[in-house]
Amino acid sequence: MTNYPVDVRLFLVTLTVGMALSFGLGVFFGPDYPLTQVSPEIIDIKKVEPVKPDPGKTTTKRHPTPHSAELGKKISLNGTDGEDSEEHLPAGQHLLVDMKNLEADFLNSEPRLAHAMVETVKAGGLTLLSYHCHALIPAGISCVGVLLESHISFHTWPDEGVITLDLFTCGASPLLPVVPEIERLFGVPRINAETGEKEEVFTLWAHELRGFRTHEDRRNHMLDLQSDLAGWVTSALDLHYKKEIVSTKSPYHQIDIWDTLELTDTPSHEDGLKHKLEPGDPRWFTNEVASPERHLFIDGTLQSLSQSEREFHEALVHPAMFSHPNPESVAIVGGGEGATLREVLKHSTVSSVKMVEIDEMMLDISKQYLKTMNTCGDIDGSTESCFDDPRLEVLIDDGRKHFIDNYGPNAKTAGPKFDVIVIDALDPEEQRGSADVENFYNNEAFLDALYASLNDDGVMIVQVGMAPNIHDPKADIGVYKRREAMFLMLEANPSTAAMLVYEEAHCGFNDPRAFLLVCKNASCRKNFYASADAIDYKIYERISKTKSGQPALIHYDGSTQHSYQYPPKAWETVYCRREPTPLECEYRGIPETADLYYYGVEGEETDFSIVTKEDGSYSVVAEADIPKGSYIMPDHMAASLLVSDDSIANLESNLEVNPDAPAVVGNFVNYVKNYGHASYATGSDINYVEIGASALMEEVENESDANVGRLNPHGSGAKPVYSPVYERHRMSFDVFLVATKDIKAKEALKKPVGLWK
């Protein structure tokens with residue numbers, strides 16, 4: 001192997017010249033990617049030295065807040081006012097936009113993308129300081145723009161036809177109006193290689209409020225995550241389609257209407273008929289032909305959904321209407337969509353409806369954009385628009401003021417009276433515009449005027465917001481404290497005879513909606529607690545027929561009403577957290593620690609025996625010692641026969657008309673009169689008939705001589721007009737017997753005369 005000498009100096013010079021030449025060629029022939037491009041309106045940013053605190057200036061800190069997303073009010077530390085006249089909060093808006101089916105050349109063109117970005121910034125009323133774009137290999141562009149207000153950035157995938165963009169600002173200008181501009185500027189459609197047609201650009205977007213705000217700013221901002229508008233529409237990135245139909249501010253409310261379609265939505269029954277879908281059609285499993293759902297928001301709170309509003313409004317109107325024997329005159333407070341009116345007009349007994357709505361703009365918007373909610377053209381005897389029905393009188397007025405002025409103590413003339421009043425206003429727990437809600441629901445003068453406007457057997461129905469759950473705290477300290485205050489005010493009013501609460505879970509909201517029926521006469525219980533078949537007959541008899549032949553009601557029927565007759569457990573649970581605890585809360589079902597004593601027929605174990613006395617009457621005798629508080633024959637009592645007043649009256653009428661009726665009919669009527677008793681639920685017209693051994697107990701005139709009594713938490717005092725405990729366990733209070741004192745073996749059981757009265 002031959003070695004060649006190398007001059008080290010020559011080697012180093014050659015290496016240096018080669019590096020310099022390579023660098024020069026690379027700069028001259030390489031791609032021209034500017035690192036920084038500046039908009040025409042550039043603001044120079046210089047290095048700023050840290051500013052030392054000036055002891056002469058105001059320094060502040062903030063009060064603590066209960067919510068982690070809120071800022072407390074400023075506290076001045078040097079004696080001056082801590083609140084700035086124009087405070088800059090550490091908060092902003094974030095807009096996320098994802099688009100697909102875009103042209104590949106557009107997504108790989110830095111100049112075209114940069115132009116779209118600059119125009120987007122201008123459309124948002126923002127200020128671009130500078131931007132930087134970088135071309136990727138083999139394709140794609142990433143850009144970021146520095147704004148005076150914060151930043152805009154995006155990244156593209158040309159082969160997939162996709163761009164993802166985000167825009168964040170700390171300014172006050174709203175970003176939602178920028179969405180259509182982004183769709184216009186960046187939505188360059190690609191051409192389908194097979195059809196040669198432009199593909200539809202698909203966009204997903206979401207808007208979020210970021211950072212920290214004061215409680216007042218959060219409460220009043222319609223796009224805060226506390227609002228339904230944000231939670232249901234603007235903050236949801238997974239909505240396949242969302243389109244703003246109306247966004248306007250009336251003199252009283254912010255009104256927003258949106259159409260949305262979720263990625264997971266599938267066709268409804270009507271969609272299938274419309275598009276003639278056959279079994280096995282793959283479109284049954286996609287949202288391709290599914291109809292968007294229309295949402296109505298008032299002050300950011302969801303009011304109605306087009307695909308479930310009928311369930312909601314049927315649940316609001318018909319339990320009250322059928323609780324009245326013959327509703328002719330009806331008042332509606334609120335209800336600007338017209339759906340409450342539509343349901344009222346289905347009752348053929350109704351001759352007049354007075355609708356008091358404060359917001360005329362809401363009515364106009366409903367007529368134009370919510371037509372399905374106020375169309376009555378299919379109802380026999382009505383008009384195409386429910387608002388044109390001759391039975392209707394619309395008053396543009398504050399409902400509270402109208403009733404106080406016309407039915408309050410200072411009313412100059414008495415207004416017409418109503419059989420039913422439907423209050424379809426904002427939820428009692430609504431926080432936005434809380435002063436107005438407070439004055440509406442917790443105003444005694446308004447309540448007194450409502451009662452004064454009702455006939456003696458009149459009823460009111462109020463939608464009272466979300467239903468509670470068993471984990472809620474005491475109602476007067478939680479989010480439902482305004483509703484609890486309203487309930488307490490109603491309970492204390494001498495005109496209140498009964499308050500019945502129920503829920504409907506099919507209204508489209510995230511939680512079941514709650515409704516409160518308030519009766520001026522306890523007789524409303526008879527109809528509210530009517531059997532399912534009785535309600536179905538009333539529907540057949542009273543609800544107007546339709547021109548199409550389709551059912552006038554799609555959700556409400558007798559079985560639905562039956563489900564309303566027992567308040568869910570949560571109402572009872574929260575009610576029993578009141579202080580002091582209501583007396584009846586100690587009687588929720590048979591306690592696990594309770595002793596139960598049974599009567600057994602021959603051959604069975606028994607705790608009682610039946611003795612025939614000298615006069616031929618019977619006596620029930622204890623076979624064992626029975627402690628005070630024990631349940632007496634609970635199985636026999638629970639088997640009591642239920643007979644309505646109407647059934648008894650019908651049997652007596654038959655006996656009068658047909659003297660030759662079988663003797664058993666007359667014997668049965670006499671037995672019911674002798675051993676039956678009216679329900680503890682005043683006005684229900686239900687009777688329970690003892691059919692077991694308890695009917696043979698001795699009766700004593702003096703109650704102190706008795707050793708058996710009924711469950712009666714309130715004794716001789718008045719039973720509360722509102723009690724989910726009584727409503728849920730009304731049969732227990734109607735039939736169960738307990739030992740009122742210790743009973744010795746071989747001692748006769750004695751109950752007082754008139755025990756059940």
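Mentor: Strand S15, which covers residues 329-334, and strand S18, which covers residues 418-424, run parallel to each other and are joined over five bridges, where strands are DSSP runs of E with at least two residues and helices are runs of H or I with at least four, both numbered from the N terminus. Two strands are said to pair when DSSP finds at least two bridges between them. Within this pairing, valine 333 has isoleucine 423 of S18 as its bridge partner. The model is predicted, with pLDDT of at least 70 required for local features and 80 or more for side-chain atom pairs, while totals for chains, interfaces and linings use all residues. Residues are numbered from 1 along each chain as its sequence is written, and side-chain values use heavy atoms, without hydrogens and water.

Both strands belong to an open sheet of seven strands with mixed pairing, and the order across it is S17-S16-S15-S18-S19-S21-S20. At its edges lie strand S17 (392-396) and strand S20 (498-504), each of which pairs on one side only, and from one strand to the next the twist averages 15°.

Helix H8 packs on this sheet, where it touches S15, S18, strand S19 (454-466), S20 and strand S21 (513-519), contact meaning heavy atoms within 4.5 Å. The direction of H8 makes about 155° with that of S18, the axes being lines fitted to C-alpha atoms, for helices over the stretch in contact, and the angles running from 0 to 180 degrees between N-to-C directions. Helix H13, residues 444-453, lies across S18, S19 and S21, and runs at about 135° to S19.
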